[in-house]
Amino acid sequence: MTIEFSPNKRQRETQAMIHQFAEGIVRPESLKWDREHGIPHDFLRRIVMMAQSMGSSALGVNRGSGEAEEVDLETRKKRQIALTTILSAEEMSWGDAGLLLCLPGPGLGAPPVRASGTPEQRQRFFSIFEDMSQELRWGAYALTEPGAGSDVSGIRTSCRKDGKHWVINGRKCFITNGARASWNVVFATLDPSLGRAGHRAFVVEKGTPGFSVGKIEDKMGLRASETAELVFEDCRVPEENLLGGEESYKSKEGFMTAMKTFDNTRPLVAAMAIGIGRAAYDYAVGFVKDHYVLSRPIPRYAALAERLARIGRQLEAARMTTWRAAWLADQGEPNAREASICKAMAGGAAIRACIEAIEICGAEGSISGEHQLLEKWFRDIKVYDIFEGTGQIQRIVISKRLLPDLKAF
Amino acid sequence: MTIEFSPNKRQRETQAMIHQFAEGIVRPESLKWDREHGIPHDFLRRIVMMAQSMGSSALGVNRGSGEAEEVDLETRKKRQIALTTILSAEEMSWGDAGLLLCLPGPGLGAPPVRASGTPEQRQRFFSIFEDMSQELRWGAYALTEPGAGSDVSGIRTSCRKDGKHWVINGRKCFITNGARASWNVVFATLDPSLGRAGHRAFVVEKGTPGFSVGKIEDKMGLRASETAELVFEDCRVPEENLLGGEESYKSKEGFMTAMKTFDNTRPLVAAMAIGIGRAAYDYAVGFVKDHYVLSRPIPRYAALAERLARIGRQLEAARMTTWRAAWLADQGEPNAREASICKAMAGGAAIRACIEAIEICGAEGSISGEHQLLEKWFRDIKVYDIFEGTGQIQRIVISKRLLPDLKAF
Amino acid sequence: MIALQPTDDQKMVRDSVAQFAERTLRPRLREFERARDLPDDVLQAAHGMGLPLAAFPEAAGGSGLGVVTQVLIEEELAYGDPAAPFALGGPGAYGWAALLFGGPEQGKALLAPFVGEGAHTRVGAVAWGEPRACRDRGGMVTTAERSSSGQGWTLRGEKAYVLNADRAQGFIVFAQVDAARAWEGLGAFVLPCDAKGLRVLPRLDTLGLGAASFGGLALDGVEVSDDARLPLAGDAQRLAWFFATQGLLVAARCVGLARAAFETTRDYCEQRKAFGKPIGHFQAVAFTLADRNMDLEAARTMVWHAAWLWDEVARGAEGSDARSALLHSAWAVSFAKEAAMRAGDDAVQLHGGSGFMRDYPVEKWMRDAKQMQLCGMTAEQADQLAAAIALGRPIDPALVLPGAESQNVFV
Amino acid sequence: MIALQPTDDQKMVRDSVAQFAERTLRPRLREFERARDLPDDVLQAAHGMGLPLAAFPEAAGGSGLGVVTQVLIEEELAYGDPAAPFALGGPGAYGWAALLFGGPEQGKALLAPFVGEGAHTRVGAVAWGEPRACRDRGGMVTTAERSSSGQGWTLRGEKAYVLNADRAQGFIVFAQVDAARAWEGLGAFVLPCDAKGLRVLPRLDTLGLGAASFGGLALDGVEVSDDARLPLAGDAQRLAWFFATQGLLVAARCVGLARAAFETTRDYCEQRKAFGKPIGHFQAVAFTLADRNMDLEAARTMVWHAAWLWDEVARGAEGSDARSALLHSAWAVSFAKEAAMRAGDDAVQLHGGSGFMRDYPVEKWMRDAKQMQLCGMTAEQADQLAAAIALGRPIDPALVLPGAESQNVFV
């Protein structure tokens, strides 16, 4: 082993390719998508084609999560899958964070299916994404409920066995791509009093009787991305869609699956946040270069420089912890604490970056227009310190690992 | 009523007088006291004489707490006792915070005796401070124990009645002037299991059998002030020294006395902290004026200005909340939340002020020498966010008043 | 004397505004945002209460209630909807500029249209900002040149970040009169909205305060007479004075926003349960609420303090002094603006996922808070002002006044 | 490739230093502070391990282990006692300056005395800072003038904030050679401690790092020969390079201090009980620990990153680039220095009253942290450096280099 900080050749190429794509093709459309609350399917289709044509982890983010099989540790180490994914994710969301969430594919539904699905289920639910030339498809992850956000163990959506089906009743909210998804991984409980042991995860397919889509959320930001409410009224799910099959629930698996997903996705979300923060930082740097006559002394220069430097270093700090969490994942080492650290740092740093970048640009920074996406990033970023576990939740995770005797607050 | 921010004539005179005294007489000695761990008695005597000669609340701080009787609300409103006290305290501790703690008089022992003492006790314990021309005298307040700091309800020092005496056993620590005090107000418990109801407060006089002084603390700062450990081994206190007499303990009084003291003293401590913070701020301003050639552009000027302004405004913010807490006290209105707010803000702001002031002055700011007290203030200030309730404790108090249902964490 | 309680008269004004804010503004703030305007009934009500003229001297047709009363009003209005005080119209900054740079007489004349019948439809605006920095010197790109006739002035250039640009009947436009004197060589000119050569630029789409209108002006050789020039707009001290007072009013609105965000969030944290208890009963959440409550108490008292100093200056009280009023305004502005941003940010944070949804007001308040930081005077400019005073330095317009190379702000 | 684990060799070095730090330094840190020095046995042990020469190139008599290994060592030493790495003696900054401004040959010659027998008693020092700003121009007050003979130089002035001034056998002194060129007109001169006209000023009494010696020099017409001047000290880029690398080593020490404060405090919070449970089990306390732990992880990785970049530059790796090394050093310096200050501050805070007492190490760490912020390069200078690079601006010595008008630092 050694200490090195240079992405390998393939990673650098991927970064460069995505950056070019983000700058030249994504950014010019970004504001339109935000205002029209969505991204045209033909645009998404072009991306999918592009990715496929280039094969490899061209759109690392998407592909990284798109594989049906857990890869063995050696390949993982060799390909640095987690690292490659976060490097791509930062570039991607530097271009537009909404697009990244809209990308066709199993998305956040992938990790639980891959981690806990039976071979048959993995085959069945991943295969639909192999050819999307005719139709785009999505998978989604439905855990949050009106009454259970940070406290995932508090879910009330119920499930009971009835013959060869499971009957699900309840509501899920804030589900990314939940309405367009071909299937949602839905968490429910046999009996709240059983706590985590009572949890079950199901793959609920579009069109399942009793499953309907509630309201589509009107959000502060990420408005190109669909956030849906899912309604389950005596929704009958065939037993073969119980994730992992009956057997696997002898242990706490059900709930652990949810958690596992978080450990995998927190560095990814951190990288996305850093991408937005960096976009704001780059914008501010560019603004200063364009708007100020730097050839002569700017009275406020020193104060301005300090602001810029603070943004830059906070983002770099978050980036380094994110690299670390991902690197550990690729080493097959536990990284729960590190994953929470990078998520918490990235959320905070990126929000500060957007708040401060607007301050640097002054009134101009608050205006929405072509090539003026700063105000959009300000609207997009805030949720990155909330979903996949708020900053508070991350600190709870970290605390528990720092203080072994600490069970709960 | 009205909204006004001008101290009255008498308050302004007092401020000016103390400021002059602090600058001309106190500051030049300050470092010596710090290094020699004390202030010569003849110097303290001079101050006492001075104060008496000038009568009035010349040394508001000391006198404010020196009166045996609770003044009635009307006089209180008219004389603005609390406000006058904090205005004086800020000036005083701008000069030297240690001196303020060393001033002869009942000090922090005064509030509980005044609030809960019987007329006879008030007479007996306050009278000794009337004439200190021959001998300087102190009172002190002994609550904290090695095992009970923030958690004052956790005291273990025990007391039991034995004939006409109370027998006290235990240790008190971090007691300001505890060793030199003619009497200490000591909190003990009949039985920890009784909780607050079991608490009793005693006035333990110097020389009481079984009472001895443990180690004198070697501290980060405030080194001119004496911080003592007090040891009670079968210490026999005459029953007439039970503060308030048996009767008064039918209720939770005992513990409430301790709390009452805090409500009274928190704005005072806040003002002291602001005084130190302002000393650091003024030093930094003066340093910039002296060391920089302001007649020509200073490249770092804008960054420097921001630092200075931040210090100034944080201190002003703390000052305003302190004025508010004291003003409420003078109005006879409850001010527990406001008292904790100003204590928490002042501690934080003053510490930042000292940290940042040194940063502004650079290496020079870290050097100890005549007219170079910045490093001393840095050492003095930290404890102001700790004693009389840490910043965390203040926030607990505030939280409970913001969230009525919240009983404890 | 030190006293921290409004007079009975002030209480009465404040309470009636508070009622207006709670009953009329708060329930409709999303409606205003979508409409990008305040409806006529709201404007009439506000003007009926005399809010836009409260602080102006009686001599100039105002109610002469002073700045302290004004900040009490601003806090309540912003508590209802932070965008409302920006969208209310009336003389606003135009009125303050008229008095400050025109003097009492001219000021009175310029304020006249805003008094009495139908005043609620009248709006004044100040055009200060510019889109780009002047490349070759300090000061502004927009110029005012002596007309060929030797009489009157000709204005050329583009003004930006003008509040109510598309609603105002009258503008006070700042332009460079004497290029050589840079920031010291500015002039202020009164223009009617129908002046020949004056074009109002398209309204801007902003991050927050959606009900308020922000825009700009194009000046293609606008001719004005000599008496359209306000005589006192030349000196930096007075300009700093103008921006500090405008900033202070915005600071008061920041206090209102911070209070709205704090109270709404506290209530949410009392009701919302997680892990078996109200989230407010977790220390990390409770302490955040405590910190925001501290911000609020401090910011309000600082704003009161600065406002009181201005009233003292106005009535020429013994020992009163504009520099001290400037210093305390600067402190209040930077503290209150940052406090409002923290309040909005934490409000969304503590609401969790719901905070990000437009069903709740907190995401709007977070956007409004950021937008407000860019109105009147920024925290950075205020800090520069405070430091200059603390150091006994002359006020450097290039640091303290808004501009492409300090920070542009909406006026 | 991205990899974040020391090599086996690096681990071996780090572990042995860690052992030294825990067994020899930590238990005696108050002893060192009172003695205001490190005792001979400690110096011998450290030099026996080759610590002072670890990073210097083999060609110059060093161990050639590189900067990454050096920062691993610095962290461990500071973890033992933050003052130790400053008080260890050896070539230190003198060695770095010799190589950087003298070039490989002269550098090697100047480093020679620090290699081999009895080296542990030898100390080098760099005299950069000055007590007062130059009134009439940028640059330094201390001058180096051509001697009347036309041969050699004469140095006049006063140098301040010199680490090990009273211990060094040799100095590298910076002085103004060409007044007209201000910061670009500096020269560096090698002086023996017994040079005629050189007076070592009394040791200073500082806030923290008590075991380290800080002082100054008076130069009353010190004559030096031509070859005493280091040829490459002229350009600002190289000077920034020097301070950035020195700052990076201090940043590594900040990481060590932060780790010591964090671990000690975490343990305290696990044991200390209040309200019936360990105080660490209250969210406000636990989250503070979590935040300091985040600081620590981030700061360390940032320091590694910058150090790795310098090693890449040193070995002329493809695509390596000093500007990027400067940028990452600047980020690491400002982040680590602020992280250390937060760590010290919170350590005292969470220890409560005990934290204020000298029976516990935390109050010392808080003072040391503040002192360290003023060594090598300040966070403010680092931020100015980082911003200049981000903006593609030339590096302004008046903003980035220590000086009476930026911030003096101890070198």
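## Before you start

What you're looking at is a predicted model, where local features need pLDDT of at least 70, side-chain atom pairs count only at pLDDT 80 or more, and totals for chains, interfaces and linings use all residues. Residues are numbered from 1 along each chain as its sequence is written, while chains are lettered from A and ligands numbered from 1 in the order in which they are written.

## Where chains A and D meet

Strand 1 of chain A and strand 1 of chain D (residues 2-4) pair up in the antiparallel sense, over three bridges. Strands pair if DSSP finds at least two bridges between them; helices (H or I, at least four residues) and strands (E, at least two) are themselves DSSP runs, numbered from the N terminus.

The contact as a whole draws 39 residues from chain A and 39 residues from chain D, two residues being in contact if their C-beta atoms, placed from the backbone, lie within 7 Å. On the chain A side, at least two residues each come from strand 1 (3-5), helix 9 (253-291), helix 10, helix 11 (336-361) and helix 13 (391-402). Helix 10 of chain A gives the most, with 15 residues. By type, that side of chain A splits into 24 nonpolar, six polar and nine charged residues. Here Ala, Val, Leu, Ile, Met, Phe, Trp, Tyr, Cys and Pro count as nonpolar, Asp, Glu, Lys and Arg as charged, and the others, Gly among them, as polar.

## Two helices crossing

Helix 10 of chain A (residues 301-330) also meets helix 10 of chain B (residues 301-330): their axes come within 5 Å and cross at roughly 70 degrees. The axes are lines fitted to C-alpha atoms, for helices over the stretch in contact, with angles running from 0 to 180 degrees between N-to-C directions. The two helices are therefore roughly perpendicular to each other, a label for angles of 65 to 115 degrees.

Chain A brings A:Tyr301, A:Ala302, A:Ala303 and A:Glu306 to this contact, and chain B brings B:Tyr301, B:Ala302, B:Ala303 and B:Glu306.

## A wrapped-up helix in chain D

Helix 10 of chain D (residues 362-372) has 11 of its 11 residues buried, so it is largely enclosed by the rest of the structure. Among the buried residues are D:Trp365, D:Met366 and D:Arg367.

What do they pack against? From chain B, there are helix 11 (336-361) and helix 12 (374-381); from chain D itself, helix 2 (29-35), helix 7 (236-271) and helix 9 (322-351).

## Two residues with positive phi

Most residues other than glycine have a negative phi. A:Glu388 has a positive value, near 55 degrees, and sits in the loop between helix 12 (374-381) and helix 13 of chain A. A:Glu388 counts as buried, with 22 C-beta neighbours inside 10 Å.

B:Asn177 has a positive phi too, near 60 degrees. Look for B:Asn177 in the loop between strand 4 (165-176) and strand 5 (183-189) of chain B; B:Asn177 is buried, with 25 other C-beta atoms within 10 Å.

Terms used: A residue is buried if 20 or more other C-beta atoms lie within 10 Å of its own, exposed if 12 or fewer, and partly exposed in between; C-beta atoms are placed from the backbone. Angles under 35 degrees count as roughly parallel, over 145 as roughly antiparallel, 65 to 115 as roughly perpendicular and the rest as oblique.
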